[in-house]
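Student: I am new to this structure and would be grateful for a close look at its aromatic rings. Please set them in the context of the whole chain before turning to the details.

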Amino acid sequence: MEQKMLTEKALQLLKQLISIRSFSKQEDQTADALEAWFGAFDIPFKRKNNNVYAFNEHFDESKPTLLLNSHHDTVKPNSAYTKDPFHPHIEDGKLYGLGSNDAGGALVSLMAAFTHFYPATDLNHNMVMVASAEEENSGPNGLNSMLPVLPHIDVAIVGEPTLMQLAIAEKGLVIFDAVVHGTPSHAAHPNTDNAIYNTIGVLEWFKNYSFDKVSEALGAVKLTVTQINAGTQHNVVPAKVDLVVDVRVNDRYSNQEIAAILAEEAPCEMNARSLRLNSSAIDTGHPLVQSGIALGRETYGSPTLSDQAALSCQSLKLGPGDSTRSHSADEYIYVREIEEGIDLYIRLLEGFLK
């Protein structure tokens, strides 16, 4: 099918996806719509929970495999919306609707690119397209659940809004529950081990702490105390203060290394909630990146998390739309961004796959 027709079909699909509520863990109807896309193009597909996936027609086990991935779940619309988040409509070249930018535009553009290359016989990589669920909540039935049923993935493109620039690295995330201990007592009596006062020094330590290794693409590891909780009533000095510490990890550290460093050095108890959301990167010399650079695309490091965190292979984050619009009120994507996105995906893959 010619590219213009594919683009029109992709826009129709995006409007359909916007009109369907697809909050994380509730993506069954958008999964049905994605199945219908593959069915309309006579592309065999499979489904695992709400993840829909397909392989190129001439899949060859002797070749390496490229994963194309984006998600079809959304966050819930915030209270500042002035437009119906489930009513897809175009105003001044902007397609409005929840999930239009994050990450519906990237998803339908990747679906179109995959469909374009599906029948090709001369590809140097296999292709697998995965439209995944539960990305927004890092849920257990998203892309991570697909890895055991997929062939070995050698390299991946993860579709997220990057203005079609090349995000060659992405920060990982570790959330810590920290505890500052003290001696509980009645507020009327002296107490030199007040947990709340002890927290002052701990907060200063976090505020001033820095990790040694700085990434060329992602900069320094960013550590931020984001929550604090203590006490039950006015006349009781609590036994402890609970903190939540958000750590955005660059590609110079593993999450396990970050946890070990803080366990040894932090002046309080540190408990990591999960270590699975690792940072991601791809070499600038990788042919996939070089294909993008040849098209005039720029490289950068992304501070936001995506399904790249589930992958152990080299991966590139790339897609139409602007990350700053994600999770915002009256979310939108420009129609031209989808048109350009499909064209750039196809040209980038032409340079990589042929």
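Tutor: Helices (H or I, at least four residues) and strands (E, at least two) are DSSP runs, numbered from the N terminus. In these terms the protein has eight helices and 18 strands. The model is a predicted one, in which local features need pLDDT of at least 70 and side-chain atom pairs count only at pLDDT 80 or more, whereas totals for chains, interfaces and linings use all residues. Residues are numbered from 1 along each chain as its sequence is written, and side-chain values use heavy atoms, with hydrogens and water left out.

The C-alpha trace spans about 80 × 45 × 35 Å along its principal axes. Of the 354 residues, 51% are buried, where buried means under 20% relative accessible area, exposed means over 50%, and partly exposed lies in between (1.4 Å probe, protein chains only). Contact means heavy atoms within 4.5 Å. Among the contacts with a separation of 6 or more, 80% are made by residues 24 or more positions apart.

Now to the rings themselves. A pair of aromatic rings is described by the distance of the centres and the angle of the planes. Rings of Phe, Tyr and Trp (its six-membered ring) pair if their centres lie within 6.5 Å; planes under 30 degrees apart count as stacked, over 60 as edge-to-face, and the rest as tilted. A search of the whole structure finds 13 aromatic pairs. One of them joins Tyr96 and Tyr332, whose centres are 5.6 Å apart and whose planes stand at 55°, a tilted arrangement. This pair links distant parts of the chain, since Tyr96 belongs to strand E5 (residues 94-96) and Tyr332 to strand E18 (residues 332-334), 236 residues apart. Tyr96 counts as buried because its relative accessibility is 11%. Tyr332, with a relative accessible area of 19%, is therefore buried as well.

The relative accessibility of Phe211 is 6%, so Phe211 is buried. Both Tyr209 and Phe211 belong to one aromatic cluster, together with Trp205, Phe206 and Tyr253.

Charged side chains also meet rings. A charge sits over a ring if NZ of Lys or CZ of Arg is within 6 Å of the ring centre and within 35 degrees of the ring normal. Arg21 lies over the face of Phe86, 3.9 Å from the ring centre. Arg336 takes up such a position over Tyr334, at 4.5 Å from the ring centre.

Thr162 lies in the loop between strand E7 (155-158) and strand E8 (166-170). Leaving aside neighbours within four places in sequence, Thr162 is in contact with Tyr300, and also with Ala167, Lys317, Leu318, Gly319, Pro320 and Gly321. Thr162 is buried because its relative accessibility is 5%. Ala167 is found in strand E8 and, at 0% relative accessibility, is therefore buried. With the neighbours within four places again left aside, the contacts of Ala167 are Thr162, Tyr300, Ser302, Leu316 and Lys317. Ala167 and Leu316 are 149 residues apart along the chain, yet their C-alpha atoms are separated by 6.0 Å.
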